[in-house]
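Visitor: I would like to learn how to read a predicted complex with care. Could we take confidence, the interface and helix packing in turn?

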Amino acid sequence: MAVDATRFSLTLSRRTRRRKLVNLLMQVLATIAALAAVAVLAVVIISVAQRGASALSWDFFTKTAATFGQSGGGVADALVGSLVLVALATAMAVPVGILIALYVSEFASPRIADAAKLVLDVLNGLPSIIIGIFVFALLVIGSGQAAWKGSFALAIIMLPLVARATQEVLALVPSTLREGAMALGASRWRTVLGVVLPTSLGGILTGTVLAVARAAGETAPLLFTTSIAANAVTWDPRQPVLSIPIDIFALAESPDPADHARAWALGFVLISFVLVISLTARLLLARYRSKLER
Amino acid sequence: MQTVAPIEIAQPREAPLSASGREAVFVTRGLTVSYGKAPAVSNVDLSIYRNLVTAIIGPSGCGKSTFLRSLNRMNDLIPAAKVEGEVHYHGQNIYGDGVDPVEVRRRIGMVFQKPNPFPKSIYDNVAWGLRVLGMKDDLDSRIERALTQAALWDEVKDRLKKGAFGLSGGQQQRLCIARAIAVEPDVVLLDEPASALDPIATSKIEDLMHELKNEYTLVIVTHNMQQAARVADMTAFFTLERTESGGHGVLVEYDETPKIFTQPSDKRTEGYVTGRFG
């Protein structure tokens, strides 16, 4: 019998042609989806920058809002306010968040750890306005607004983000490293402090930065806790301060078109801030890694 | 009788070392370690002698690593592990009341199967344990001594501040040995320390063991019989005893290494060392 010529054929058959087509189609769809995400970011940044560009000036960064009826003025109070709010919130949330993560991954029994993770996820899913109202009822009623109360609300939002991100990286630390440390006669806590935490520093930093970026843009928790502020720059956390998101809202509501441009410009500042800290964190992470591997 | 396959026996450099007249560092009595309900190793009575290399050999799953890890309470870190019986270390039961596992591990160091240097510099890898234990006087010379003892000093003395991950696998393992001996333990347990290394790195580790036994008591788990024959003074053979519920490791025979490899008294030992099973 003659050898079946098609049996060892290496050219495309109808079936493989179809499979190749499907493959190509899916590849194109996935690429388009990825490009779309980049495009959205680019469009947002460009349009915000375009509309706000006219308002960016030295005065914009150094002065507070002009009194009614006068032109000019800036957003210095909102910039300083956000800085104070986020710095204070980070100082509250990061240590507690790291401790929670350490408890969950190093000390708790698996059952309690699972429960704790669930609680953190629920806390993470809590609408920020609820946290704002909660802090309002807890701290603001009766004694008035203050920056530290806004920071407290922001810290509640940051807490699960820091704790979960840290816990995820702690889980990645190989158990052989912990054993190596314990075998030297180190206590559990010294092992965590000296070996486990430094190993996961990069991941903790990244989680912290993400939480800071989220907190910097939060508006709702600040509405009730620190939104009615004097038109002046203050670094005092006992005073209510203006913040970037609240100011964007206020400026956008203003009848003056110059204020609209300021709102866009302030939005651009916020985006840039988030971008810069993300890049800084990545840079630090890369340097830290290369230092270890050299 | 079956002829025993020729296996190269360590040529003792000095007089042959024997257990007779030596102080026992460890004496285990009825030691059983279980994970959950199933025992991994059952009813082990074994004495380990000072300044000797004791090898623990046997097929996979016979509980040799589990046994080794019970000697410095490393199994404590596994929540499901349960230890029954006694492990006497210089006469004290390390599982007795009032014994602190951290103190146990400080005296009984361990080197693991895969090199596990800390993500720190070479210097800090050795320094870390010293700092934790408060042995901070003369840190530099302690580190130099440990690295020298681990036969690594000449290779790393110019790059002490560089990361440990830049070292080769064999160098990393010797760094782990240096780290373990820097804190001046009494015993060093080695859990298949050369199984992830190439033959040259392996022979360096083996040479090292000949040196180290002058100062320390060494217990090595190995699946490599030639390695046991080359480095060990005493050899314990474990095997897997099959039961209805699976099986658990038991100690079959424990004797001076040449005897285990040339005139084993148990059929199962003979079968294993001649390569008929395992």
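**Reading the model**

Guide: Where pLDDT is low, the predicted coordinates should not be read in detail. This is a predicted model, in which local features need pLDDT of at least 70 and side-chain atom pairs count only at pLDDT 80 or more, while totals for chains, interfaces and linings use all residues. Residues are numbered from 1 along each chain as its sequence is written, with chains lettered from A and ligands numbered from 1 in the order in which they are written.

Visitor: How many residues does the contact take from chain B and from chain A?

Guide: Chain B gives 24 residues and chain A gives 18 residues. For the complex, the predictor reports an ipTM of 0.84 and a pTM of 0.78.

Visitor: At what angle do helix α4 and helix α6 of chain A pack?

Guide: Two packed helices are described by the angle between their axes and the distance between the axes. Here α4 (residues 110-125) and α6 (residues 147-172) of chain A pack at about 140°, with their axes 8 Å apart, where axes are lines fitted to C-alpha atoms over the stretch in contact and angles run from 0 to 180 degrees between N-to-C directions; helices are DSSP runs (H or I, at least four residues), numbered from the N terminus. That makes α4(A) oblique to α6(A), since angles under 35 degrees count as roughly parallel, over 145 as roughly antiparallel, 65 to 115 as roughly perpendicular and the rest as oblique.

Methods
Two residues are in contact if their C-beta atoms, placed from the backbone, lie within 7 Å. Helices (H or I, at least four residues) and strands (E, at least two) are DSSP runs, numbered from the N terminus.
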